[in-house]
Amino acid sequence: MGKPLPHDLISQASGLIAGDELKKAALDYSRAMREKVERDQGGLLSVFDGWFARVVRRLTEFDASHPWEESVRENAAQSPAAEDLQWDLLRLRLFLDRWRRGRFVTFAERERSQIHYHPRFGTEFSADVLLTCQGAPSLMRWRGQPLMKNVFDFAMYPALISDVRPRTIFEVGSGLGASAAWFADHMTFCGIDGRVHSVDRAKAQMEHPRVSFYQGDCRSPEKLFAPELLGTEPHPWLVVEDAHQNVVAVLQEFHKFLLPGDYLVVEDSDVKRDALRSFLGAHPGSYLVDTRYTDNFGRNATCAADSIFVRTKADERAFRLTLAGAEGDKEIAFATSSPGLPR
Ligand SMILES: C[S@@+](CC[C@H](N)C(=O)[O-])C[C@H]1O[C@@H](n2cnc3c(N)ncnc32)[C@H](O)[C@@H]1O
């Protein structure tokens, strides 16, 4: 804490939540945080909770008729020892600016607010963290095989699987197979009766009782998985694109089958922004970024920057498929309702 801020970040902070709006959001979040600490944490504060409470306490000691941004600037000019508070205020503004937008946000809105963050990765930390967080010099391993996930995603996917409870996971880009086995094991840990289908140019050699590995090529996206499989595997789905080839066409293929409440994760999206713009532009209103998973450890603390999506509405074809394969009213109701949008 207290490190000097990059100059460009300070100047861009002018677009962040400020003035009375900032004060109101801070008080709203303080209230929500107190409830959460009592309800979920047995009264114990996390590092972030404690920091937030301390910073807001310091800020509320300033003259209430002035914006905090002004008071903190003046205070730092008078007393260099108080410069830390500038750093704190910027972190607070970044956090509250995101929090007030709610959990589900459009990709376009995320792109607009990217101005405040790392230009390529959209993070609030710099690229040095991303450089080593997959493991350096060694990758993490699962069931003895190298797993190409970073430490943030190593925590994010289990949370997503536990919350969403996908009945089917499709993975494009098996690698050596460890990630598919890891997904399947987490389904088991969560008591989910489900299956993973994973495809790569060369079929992965790994074996797992709940994973089917396939050979397929993204250059023929319609052949990655059999249409009968896509038409019958139970929802909700988690689809993970991790092959980085022919991305728009691959996503387009899955789009025909995804239903509301299904999740789509596009990994290493820092180099796929054009593809995402193109795909999402063709399906306005059909996908929202779920910031519970992109931002829980800080904005875009994931390799899937701005690209952990929930499908929000069905197109006609997916809806007809669901009706045709419906196991009962429950599945029809699922296809027609939007996912709940809690904070
Ligand atoms: C980053 S690795 C996957 C890592 C794995 N999902 C993990 O997390 O451990 C990307 C994979 O995509 C595969 N791939 C690349 N081009 C492909 C294509 N055209 N069709 C299918 N798979 C492809 C590569 O063979 C490679 O195994």
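Colleague: Which residues are closest to the ligand?
Modeller: Bear in mind that this is a predicted model, where local features need pLDDT of at least 70 and side-chain atom pairs count only at pLDDT 80 or more, while totals for chains, interfaces and linings use all residues. Residues are numbered from 1 along each chain as its sequence is written. A residue is near a molecule if its C-beta atom, placed from the backbone, lies within 6 Å of it. In all, 15 residues surround the ligand, and the closest are Met 148, Gly 173, Gly 175, Ser 179 and Ala 243.

Colleague: How many residues of that shell around the ligand are charged?
Modeller: Let's sort them: Ala, Val, Leu, Ile, Met, Phe, Trp, Tyr, Cys and Pro count as nonpolar, Asp, Glu, Lys and Arg as charged, and the others, Gly among them, as polar. The shell has five nonpolar and four polar residues, and the charged ones number six.

Colleague: At what angle do α11 and α12 cross?
Modeller: Helices here are DSSP runs of H or I with at least four residues, strands are E runs of at least two, and both are numbered from the N terminus. Axes are lines fitted to C-alpha atoms, for helices over the stretch in contact, with angles from 0 to 180 degrees between N-to-C directions. The axes of α11 (residues 247-255) and α12 (residues 273-281) come within 9 Å and cross at roughly 35 degrees.

Colleague: Which residues of α12 meet α11?
Modeller: Contact means two C-beta atoms, placed from the backbone, within 7 Å. The contact residues divide into five nonpolar, two polar and no charged. From α11 come Val 247, Val 248, Leu 251 and Gln 252, and in α12 they meet Ala 275, Ser 278 and Phe 279.

Colleague: Is Gly 19 buried or exposed?
Modeller: Gly 19 is in helix α2 (residues 19-40). A residue is buried if 20 or more other C-beta atoms, placed from the backbone, lie within 10 Å of its own, exposed if 12 or fewer, and partly exposed in between. Because Gly 19 has 12 other C-beta atoms within 10 Å, Gly 19 is exposed.
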